[in-house]
Amino acid sequence: LQAQNIIDKSADEIKLFNATQAVNSGDYVKAINLYKEVLANRPKDAVIIFHIGNCYYNMKEFDKAKIQFESSKEINDKATGDLRLLLGRCYQLNGKLDDALIEFAAAKKNNGTNVSKLKEIDYYFSQCQTAKSLMANPKPITIKNAGATINSNLDDKRPTLTADMKTIVF
């Protein structure tokens, strides 16, 4: 019986190693599948749940990531240093600015003296505060189609003016 536990544990450790390698190579779907296999043996492991959420986050599937991060937080709100930061980002990206600010404040406490991480958190915190301020005092803006000389039936994105301000480039 004891040998079986050792074998199971090492199999999970191999899967975790392979999942990390998959994340490092950008194969998030493979990583999620491996993490889920390990999670079947450790259903209350907040760190593994966080890693699944992190994969979804990197795949820009923020709703799925948020669900995983919330589950991880429910089990252990300090599972990883990035948990509250990334949960805050999911809230921010979904327009839940008050929830995002709460998570960013908690992330700041969890990251103590990590200067680069604290700067990142402050940056997102500031974005949320600015967004709340702008939303509280909206400006009357009218968007008008500039006509066929400027607009086309294609995605006219990121217009840029030349240095002489005479030509617009899409």
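Q: Why is Asp-98 called partly exposed?
A: In this predicted model, Asp-98 has a relative accessible area of 46%, and because buried means under 20% and exposed means over 50%, Asp-98 is classed as partly exposed.

Q: What makes the pair Asp-98 and Lys-132 a salt bridge?
A: The closest N and O atoms of Asp-98 and Lys-132 are 2.2 Å apart, and a salt bridge requires a side-chain nitrogen of Lys or Arg within 4 Å of a carboxyl oxygen of Asp or Glu, so the pair qualifies. The bridge links distant parts of the chain, with Asp-98 in helix α6 (residues 97-110) and Lys-132 in helix α7 (residues 115-136), 34 residues apart. Lys-132, at 34% relative accessibility, also counts as partly exposed.

Q: How do you know that Arg-42 and Glu-13 form a salt bridge, and which parts of the chain does the pair tie together?
A: Their side chains meet at 2.9 Å, N to O, and the limit is 4 Å, so the contact between Arg-42 and Glu-13 is counted as a salt bridge. Arg-42 lies in the loop between α2 (28-41) and α3 (46-58), whereas Glu-13 lies in helix α1 (residues 2-24), so the pair ties together parts that are 29 residues apart in sequence. Both ends are partly exposed, Arg-42 with a relative accessible area of 23% and Glu-13 at 36%.

Q: Which residues are joined with Arg-42 and Glu-13 into one network, and what makes it a network?
A: Asp-12 and Asp-45 belong to it together with Glu-13 and Arg-42, and the joining is through salt bridges that share partners. A search of the whole structure finds 13 salt bridges.

Q: What makes Lys-15 and Glu-37 a link between distant parts of the chain?
A: The side chains of Lys-15 and Glu-37 meet in a salt bridge of 3.2 Å, N to O, with Lys-15 in helix α1 and Glu-37 in helix α2, 22 residues apart. Lys-15 is partly exposed at 24% relative accessibility, and Glu-37 is partly exposed with a relative accessible area of 39%.

Q: Why is Ala-46 called buried?
A: Ala-46 has a relative accessible area of 5%, and the label buried applies under 20%, so Ala-46 is buried. Ala-46 lies in helix α3 and, leaving aside its neighbours within four places in sequence, is in contact with Ser-72, Ile-75, Asn-76 and Ala-79.

Q: Where in the chain is the confidence lowest, and where is it highest?
A: Confidence is lowest in β2, at a mean of 76, and highest in α3, at 98, while the mean pLDDT of the chain is 90.

Note on methods
Residues numbered from 1 in each chain as written. Predicted model: local features only at pLDDT ≥ 70, side-chain atom pairs only at ≥ 80, totals over all residues. Heavy atoms only, no water. Helix = DSSP H or I, 4+ residues; strand = E, 2+ residues; numbered from the N terminus. Buried < 20%, exposed > 50% of the residue type's maximum accessible area, 1.4 Å probe, protein only. pLDDT = per-residue confidence, 0-100. Contact = heavy atoms within 4.5 Å.
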